Amino acid sequence: MQYKIALHQSEEGFAVSVLGMPGCWSQGATEAEAVANMKDAIREYVDVADVQLRSECIRQIEISI
């Protein structure tokens with residue numbers, strides 16, 4: 001899957017967040033390190049969401065934009 005991310009550069013390095021995944025953030029000294037760390041954070045975020053939603057009645061819908 002592909003995810004849109006937002007990179008925020010500062011004097012300390014890079015912070016990165018995933019659009020549409022509240023609270024899913026990571027960071028790194030370089031852009032490449034931040035993106036690599038973000039990949040791990042996305043995997044963990046999705047795993048936690050799956051566990052939390054197991055008891056819910058989940059449906060998927062498709063929309064055209």
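The model is a predicted one.

Start with the sheet. Three strands make an open sheet in the order E1-E2-E3, with antiparallel pairing. Strand E1 (5-10) and strand E3 (25-28) are the edge strands, each pairing on one side only. On average, neighbouring strands are turned by 20° against each other, direction ignored.

Now take the strand pairs in turn. E1 and E2 run antiparallel and are joined by six bridges. They form a hairpin with two residues between them. Serine 10 has glycine 13 of E2 as its bridge partner. Leucine 7 is bridged to valine 16, also in E2.

E2 and E3 run antiparallel too, joined by four bridges. Their hairpin has six residues between the strands, and glycine 20 takes a positive phi near 90° there. Valine 16 has serine 26 as its bridge partner in E3.

Neighbours within four places in sequence aside, valine 16 is in contact with Ile5, Ala6, Leu7, Cys24, Trp25, Ser26, Gln27, Ala34 and Met38.

Next comes the helix. H1 lies across E1, E2 and E3, and runs at about 150° to E3.

Which residues of H1 are buried? They are Ala34, Met38, Ala41 and Ile42. These buried residues pack against E1, E2 and E3. Residues three or four places apart in an α-helix point the same way, because there are 3.6 residues a turn.

The largest nonpolar core has nine residues: Phe14, Val16, Val18, Met21, Cys24, Ala34, Met38, Ala41 and Ile42. The largest share, four residues, comes from H1.

E3 has a covered face, Ser26 and Gly28, and an uncovered one, Trp25 and Gln27.

Is serine 26 buried or exposed? Its relative accessible area is 18%, so serine 26 counts as buried, the cut-off being under 20%. Serine 26 sits in strand E3. Leaving out residues up to four places away in sequence, serine 26 touches Phe14, Ala15, Val16, Asn37, Met38 and Ala41.

Last, the charged pair. How many salt bridges does the structure hold? It holds one. The side chains of aspartate 40 and arginine 43 meet in it, at 3.0 Å from N to O. Side chains of opposite charge can pair when their charged atoms come close. Aspartate 40 and arginine 43 are three residues apart in helix H1, so about one helical turn separates them. Aspartate 40 is partly exposed, with a relative accessible area of 41%. Arginine 43 is exposed, at 51%.

Definitions and conventions:
Residues numbered from 1 in each chain as written. Predicted model: local features only at pLDDT ≥ 70, side-chain atom pairs only at ≥ 80, totals over all residues. Heavy atoms only, no water. Core = buried A, V, L, I, M, F, W, Y, C linked by side-chain atoms within 4.5 Å. Buried < 20%, exposed > 50% of the residue type's maximum accessible area, 1.4 Å probe, protein only. Contact = heavy atoms within 4.5 Å. Pairing = 2+ DSSP bridges. Axes fitted to C-alpha atoms, helices over the stretch in contact; angles between N-to-C directions. Salt bridge = Lys/Arg side-chain N within 4 Å of Asp/Glu carboxyl O.
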